[in-house]
Amino acid sequence: MANLTRIKILTTASTTTAPANLKTGEFAYSYVAGTQANNGDRLYMGTGAENSGPGNAFASSVDVIGGKYFTQLLDHVHGTVTNNSAVIVDGNKHIDQINIGSLALESSGGSGQVVTSISTSTSLASAANSQLATALAIKTYVDTLVDAQDLDVTTDSGTIAIDLDDEVFTIAGTSNEIETSATGNTVTIGLPNSVSITTNLSVGGTLDVTGQTELASLNVEDLTNNRIVLAGADGELEDDANLTFDGTNFTVGSSKFDVVAASGNTQIDGTLNVDGNVVLGASTSNTVQTGGNLTVGGNLTVQGTTTSVNSTQTTLTDPMIELAKDTSSADGLDRGIRFKWHNGSAVKDGFFGLDIQTQRFVFTKDEDLSGGDNASSPWSDAEFGNVYGTGADLGNIQVGITGDNEIDTTSGNLTIDSAGGTTTIDDILSVTGAATITGAVTLSAVSGLTVAQGGTGQRSFTGDGIMISNPGGTAMTQVTGASHAIMQYNSSGVPVASTIIDGGTY
């Protein structure tokens, strides 16, 4: 790799023409002070096909592709307009100033209005299409125009004048006589729908009201506080001491509440909450039946021999269910859950729980439990996701029982036989005893035999490749390249093949 690559430079004071002796793709630079009129401080490159004339063959064209002259036009603070330099907006697309002779805002190819000045006149007397007015000039003109206008109103008892620029015209009604309302551009004036009586009204006889009357309060002297008012004979208002409501509690009678239906049954379609006791008469054979929900505020104790739940789904909020709570001595009975299921031909009895004989958790899908509460082997299969434990006893094979991370047998040899014919070991295999290999050994398809094992870490090679080591020296790799590529080190110090000569940075 080259440490330095030079290009052609202009060594004479002549800067009026571009160099003519460049090959295609070759660079040249003129370092004479550049101006807009000369060719100084420019970078050139030969382009196009090289000619085939006598002498050396040069590029058919030479293009200016950059140089100090152009970069200096951009070398100033963004957003600050600089003399004889390019205009560059800042991060907010702004510039600090710009001077123009005339301004025209128009679409591409169109013809817009040309503006040549900005007017500050507050009378706009000499306004023209070629002028723009300032905000203060427009505000002063409008304020003067609006301030001169008012609205004159004449009524039966006086006249008023409303200044349109700072006063509000109000249309007011009178209490209980005239109402006013406004919506959108419409003001409505009218009478109210009803009249409220705000003074005391005493009626000694009969008061007939055919329309709507609003009463702030009504006092009927022969009614008692907190009693519920009923319609009595001839529509008269009356109350009863057995029906009271104090704003919170509704009380019926002083001793009991009797509900009598024609059929002898009382039906509650909603939820019945019982905070006390439910008494079912003198007979213990009475039952409670509800078509809705039954909520028991205290504990529910069932003292019979069998509890039957015929619901489709039973939901419990308790985090734990306790079985055989009153066990006080050995009874030789299993603990668990029995269930029935149908295999398509017959109903079967299943069980899962604690087997009292082995004191292990067991499962059976087909067990004759008619003679007692105990299940027996053989046990049925079970399927899980991941299984976590401290050990497993599988026939003669023990996993993690003799020692952690150990698989051994209680008798005989251990055979690993896969149905596919291949056993894969992803990690390092350490053999402390003798190893007999009767078949082929296939190493990893990724690394092959490593350098530490006497190999290269490669399973195959590419033709015309160059072998190099990795940065750690633990494996070999190959570098290949295209036509005319050369071997060189990149910026990270890694060998690469490239057709580009990289001179590095300074």
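This is a predicted model: local features need pLDDT of at least 70, side-chain atom pairs count only at pLDDT 80 or more; totals for chains, interfaces and linings use all residues.
Biologist: What makes β15 and strand β16 a pair?
Modeller: Four bridges join β15 to β16 (residues 237-245), and the two run antiparallel. Strands pair if DSSP finds at least two bridges between them, so this case qualifies. Residues are numbered from 1 along each chain as its sequence is written, and side-chain values use heavy atoms, leaving out hydrogens and water.

Biologist: What makes a stretch a strand or a helix?
Modeller: Both are DSSP runs, numbered from the N terminus: a helix is H or I over at least four residues, a strand is E over at least two. By that rule the protein has two helices and 29 strands.

Biologist: Which residue takes a positive phi in the hairpin of β15 and β16?
Modeller: Asp 234, with phi near 60°. That hairpin has five residues between the strands.

Biologist: Why do β15 and β17 count as edge strands?
Modeller: The open sheet has three strands, in the order β15-β16-β17, with antiparallel pairing. β15 (227-231) and β17 (250-252) each have a single partner strand, so one side of each lacks a neighbour in the sheet. The twist averages 60° from one strand to the next. That angle runs between N-to-C directions on a scale from 0 to 180 degrees, with axes fitted to C-alpha atoms (for helices, over the stretch in contact).

Biologist: What holds strands of a sheet together?
Modeller: Backbone hydrogen bonds pair them, either parallel or antiparallel.

Biologist: Why is Asp 349 called buried?
Modeller: Its relative accessible area is 18%. Buried means under 20%, exposed over 50%, partly exposed in between (1.4 Å probe, protein chains only), so Asp 349 falls in the buried class. Asp 349 lies in strand β21 (residues 347-355).

Biologist: How do you know that Asp 349 makes a polar contact with Lys 340?
Modeller: The two side chains come to 2.7 Å. The limit is 3.5 Å for a pair of N or O atoms; within protein, one must be able to donate a hydrogen and the other to accept it, and residues adjacent in sequence count only if both atoms are side-chain atoms. So the pair passes.

Biologist: What makes Ala 59 buried, and which residues are in contact with Ala 59?
Modeller: Ala 59, in strand β4 (residues 59-66), has a relative accessible area of 9%, so Ala 59 is buried. Contact means heavy atoms within 4.5 Å. Beyond neighbours within four places in sequence, the contacts of Ala 59 include Leu 22, Thr 24, Gly 46 and Glu 50.

Biologist: How many of the 506 residues in the protein are buried, as a percentage?
Modeller: Buried residues make up 10%.
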